[in-house]
Amino acid sequence: MIFKSAIDAVRRGLARTASAVGAGLRSALHGRRLDEATMNEVESQLIAADVGVHAARELVDSLRSEFRAGRVERGDDALEHLKKRMKARLAPRAGTTLEIAATTAKPAVVLVVGVNGVGKTTSVAKIAQSIRASGRTVLLAAADTYRAGAVAQLTVWAERLGVDIIRGSAGGDPAAVAFDAAEAAVARGVDVLLVDTAGRLHNEESLMRQLVKIREVLRRRIPGAPHETLLVLDATSGQNALVQAAAFQKAVDISGIFLAKMDGTARGGVVIAIHDALSVPVKLIGVGETPEDVQPFDADRFIDAVFASQGATISA
Ligand SMILES: Nc1nc2c(ncn2[C@@H]2O[C@H](COP(=O)(O)OP(=O)(O)O)[C@@H](O)[C@H]2O)c(=O)[nH]1
Ligand SMILES: [Mg+2]
């Protein structure tokens with residue numbers, strides 16, 4: 001198991017989401033009797049938490065039909081019903097881990113993509129740290145040659161974590177860096193190669209073309225690579241994250257989502273919107289700025305943490 005998470009850590013990391021979503025629904029429902037006005041309030045609370053209009057409507061529709069059938073009357077039963085329905089919604093793709101956890105490929109290659117500022121480089125450091133902690137070796141590739149500071153930023157992480165890094169020159173060809181890194185990973189016999197990429201170029205088309213080229217270079221040198229293409233999304237960007245995901249999914253085959261900055265948002269319901277809109281699972285969540293601040297996304301734990309008793313008792 002590369003990534004571990006205790007329920008306490010999940011609750012701490014998600015304190016803002018949990019207190020906002022949980023407390024909002026709780027204050028609408030706890031100790032009350034259900035009626036039409038209350039159900040409208042629940043729908044607004046869900047939309048405010050970013051679960052998406054579609055999911056919010058379906059959740060409230062299912063609650064309404066339970067209410068009209070006389071099966072749910074008390075607000076507290078409504079809370080339980082919502083909790084169950086949310087878990088069921090997330091269940092089909094829950095619990096999926098990184099491909100590198102299961103693959104026997106060596107080196108296993110993880111390509112990390114996403115727009116500027118979402119948290120790619122930090123997420124690479126987090127994954128590197130977890131792999132190191134599990135006793136495997138890591139090589140980093142600084143394939144964001146577009147921004148002057150990007151290579152330096154990853155270099156600092158490499159030094160702090162004590163892992164090797166392959167760099168090109170600023171403004172150089174990122175596909176060449178990917179090629180050199182693949183060569184080095186094979187020659188040095190490392191277990192996992194993590195490739196950090198640029199999030200902004202002259203336009204979206206050139207960015208996507210560059211990512212496709214990096215993929216091809218990796219695949220040519222290492223059969224089956226990249227074994228994971230991880231799209232990093234910023235949880236605080238709300239529905240905007242869905243627009244980004246669609247663009248990346250079209251260009252490169254995304255195999256998983258790293259949802260960063262879950263600690264910084266009261267709108268963690270975006271996880272549900274992402275699961276609704278995309279065919280790829282959220283695999284990891286970022287809950288802070290240090291390399292330790294990463295957790296596997298576990299749907300049951302996530303929903304439990306969101307609904308965990310009074311929000312006030314868990315806000316950090
Ligand atoms: N609070 C919080 N901040 C994060 C998280 N992940 C990244 N950041 C911060 O977001 C900013 C941009 O991160 P960076 O990794 O440089 O993004 P990149 O441009 O996609 O590579 C930095 O200030 C990071 O410290 C997270 O999970 N939580
Ligand atoms: Mg970066």
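Q: How much of the chain, out of its 316 residues, counts as buried?

A: A residue is called buried if 20 or more other C-beta atoms lie within 10 Å of its own, exposed if 12 or fewer do, and partly exposed in between, with the C-beta atoms placed from the backbone. By that rule, 51% of the 316 residues of the chain count as buried. This is a predicted model, in which local features need pLDDT of at least 70 and side-chain atom pairs count only at pLDDT 80 or more, while totals for chains, interfaces and linings use all residues. Residues are numbered from 1 along each chain as its sequence is written, and chains are lettered from A and ligands numbered from 1 in the order in which they are written.

Q: What does the span of helix H3 tell me?

A: The expected span of a helix is 1.5 Å times one less than its number of residues. For H3, which covers residues 36-48, the 13 residues should span 18 Å, and the end C-alpha atoms lie 19 Å apart, which agrees.

Q: Which residues of H3 are buried, and where do they lie around the helix?

A: Val42, Glu43, Gln45 and Leu46 are the buried residues of H3. Seen down the helix axis, they fall within an arc of 160° (taken from the directions from the axis to the C-beta atoms), so they line one face of H3. The face turned away from that buried side carries Glu36 and Ala37, which are exposed. After H3 comes Asp50, whose phi is positive, near 75°.

Q: Is strand E7 mostly covered or exposed, and which strands pair with E7?

A: Strand E7, residues 282-286, is mostly covered, since five of its five residues are buried. Two strands pair if DSSP finds at least two bridges between them. Strand E6 (residues 256-260) pairs with E7 in the parallel sense over three bridges, and Leu259 has Ile285 in E7 as its bridge partner. On joining E7 to strand E8 (residues 294-296), three bridges are found and the strands run antiparallel, with Gly286 opposite Val294 in E8.

Q: How does the chain cross from E6 to E7?

A: A crossover is right-handed if, with the strands pointing away from the viewer, the path from the first strand over the helix to the second runs clockwise. Here the chain passes from E6 through helix H12 (residues 270-277) to E7, and this β-α-β crossover is right-handed.

Technical notes
Helix = DSSP H or I, 4+ residues; strand = E, 2+ residues; numbered from the N terminus.
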